[in-house]
Amino acid sequence: MQRFALIGAGFIGSVHAQSLAAHPDVDFRFVYDVDFGRAEALAARHGARAARTIADAFDPAQVDAVFIASSTDTHAENLRRAADAGLAALVEKPIDLDLARAAETVAYVERAGIPVMVDFNRRFDRDHAELKRLVDEGEVGEVALVQLTSRGPALPPLDYLKVSGGQMRDQTVHFFDLARWISGLDPVEVFVAGSALADPRVAEIGDVDTSAATLRLSSGALVQIDSVRHTGYGYDERIEVLGSAGMAESGRMRAGGVTRFRGAHATSDGLHAGWFERVQPTYAAALGAFVSALETSGPMPATLRDGLAAQAVAEAAARSLVTGRAEPIDLAL
C-alpha cells in the first residue's frame, strides 16, 4: 500500500484524485493546493485531507509518494522537494518549461535516487501500447515511416496559450514522446511548418494552431506529426507505423460502434467531442503502472530522461518554426 499526497487541485488534479481514490493499493492521504479551499473541497470528495502546508504534503513520515499536478512553473521545485524528502514522485509534463532548468532538475533528482515517472499518459492507451508491442516484436519489420495525428476540437483560451509554451511544447510534445517510444529510435533532426488558422490572435502571441512536423530518426526513418488546435468534427488521434514487412495502425477512436442504415445511406457514430473523453482511461492506467513499479521495485515506464528527451525535441521544433530550417536535436543533456 502506497501512501500518496496529491499536489495541485485544479482540473488535472481532480482527474488524478479520482484515480488515486479508486486504486486498491493507494492510501490517498493528502491534497495540497495554494488555494486551501480548493484543496479542501477536492479532498472531501475523495476521503482525503487537505494539507495546510506544503511541508505536510511532503512529510515522509506520512506519505510514500507524491503526485505532482500543480502549475507547470512549480514542477521542478516540487520534484526537488520530493528528492529532498526521499519520496517517490509521479509528475505531469513538462519537468520545467526551461530546458536547461529541466536538465538541472533531472540531475538533482537522479543524485537523490528516488523513483520518478513522467505522466506521459498516452503511452498507456490500450491501442497505442498494442502498436508498440507489434513494432517491438518485428511485426512490421524495420521502421521506415511513423505518422501521428493530434487534432483537438476547440482552441484553448488565449490566456492559457500565452503561458503554455506554444504548440510544440504543450500539445505536440506528447507525440514526440510517442514517436520515440513506439519506434525505439531517437530523432536527430526536425523541421516544422506552422500557421495560425483557427484564430489570428494566436499568431500575435507568437504561436501556431496548425502545424506539420517532420523528424529524421537515427536510422534514417522519418516521422510526420500533424497537430491542429481546432477541428469541426471532434477529437482525432491516431498513429500509423510503416515498416519493411508491413504496416500497423492505432486508429481514430469513435465515440460508439453503432452504424445506422436507412435507404441508400449509412450513418456511424462520430469521434469523441473532446480530447479528455478520448484519453480519460489512460490516466488511471498510468497511475496503475507507477504504483506497480513501486510495489515491485521495477523500472519506471516513462522516466525523467524520457521527459527530458521529449522536451529537447520540442525545443528544436519550436526553433524550426522560427528559423524556417531543419534544426538538429541534442539529446545529450
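A salt bridge is a side-chain nitrogen of Lys or Arg within 4 Å of a carboxyl oxygen of Asp or Glu. The structure, which is a predicted model, holds 29 salt bridges.

**Salt bridges**

- Asp 27 and Arg 29 form a salt bridge, with their closest N and O atoms 2.8 Å apart. Asp 27 is partly exposed, at a relative accessible area of 26%, and Arg 29 is partly exposed as well, at 24%.
- Arg 38 pairs with Asp 33 in a salt bridge whose closest N and O atoms are 3.2 Å apart. Arg 38 is partly exposed, with a relative accessible area of 40%, whereas Asp 33 is buried because its relative accessibility is 8%, and buried means under 20%.
- A salt bridge also joins the side chains of Arg 101 and Asp 96, at 3.0 Å from N to O. Here Arg 101 counts as partly exposed, at 33% relative accessibility, while Asp 96 counts as buried, at 7%.
- Arg 123, Asp 177, Arg 180, Asp 186 and Asp 306 belong to one network, joined by salt bridges that share partners.

**Helix 2**

- Helix 2 covers residues 36-45, and its residues Ala 39, Leu 42 and Ala 43 are buried. The buried residues line one face of the helix because they fall within an arc of 100° when seen down its axis.
- Ala 44 and Arg 45, on the other side of helix 2, are exposed.
- The packing partners of the buried residues of helix 2 are strand 1 (2-7), helix 1 (11-22), strand 2 (26-32) and strand 3 (49-50).
- At the N-terminal end, Asp 35 caps helix 2, with a side-chain oxygen 3.1 Å from the backbone nitrogen of Gly 37.
- Gly 47, which follows helix 2, has a positive phi near 75°.

**Nonpolar cores**

- In soluble globular proteins, nonpolar side chains tend to be buried together.
- The largest nonpolar core has 61 residues, and Val 66, Leu 79, Leu 148 and Phe 176 have the most contacts inside it.
- A second, separate core has 33 residues, including Ala 17, Ala 43, Phe 276 and Ala 286.

**Ser 164**

- Ser 164 lies in the loop between helix 7 (158-163) and helix 8 (167-183), and counts as buried at 8% relative accessibility.
- The side chain of Ser 164 reaches two backbone atoms: the oxygen of Leu 161 at 3.0 Å and the nitrogen of Gly 166 at 3.2 Å.
- Setting aside residues up to four places away in sequence, Ser 164 touches Leu 97, Asp 170 and Arg 229.

Methods:
Residues are numbered from 1 along each chain as its sequence is written. This is a predicted model: local features need pLDDT of at least 70, side-chain atom pairs count only at pLDDT 80 or more; totals for chains, interfaces and linings use all residues. Side-chain values use heavy atoms; hydrogens and water are left out. Helices (H or I, at least four residues) and strands (E, at least two) are DSSP runs, numbered from the N terminus. Buried means under 20% relative accessible area, exposed over 50%, partly exposed in between (1.4 Å probe, protein chains only). A polar contact is a pair of N or O atoms within 3.5 Å; within protein, one must be able to donate a hydrogen and the other to accept it, and residues adjacent in sequence count only if both atoms are side-chain atoms. Contact means heavy atoms within 4.5 Å. A nonpolar core is a set of buried Ala, Val, Leu, Ile, Met, Phe, Trp, Tyr and Cys residues joined through side-chain atoms within 4.5 Å. The arc is that of the directions from the helix axis to the C-beta atoms.
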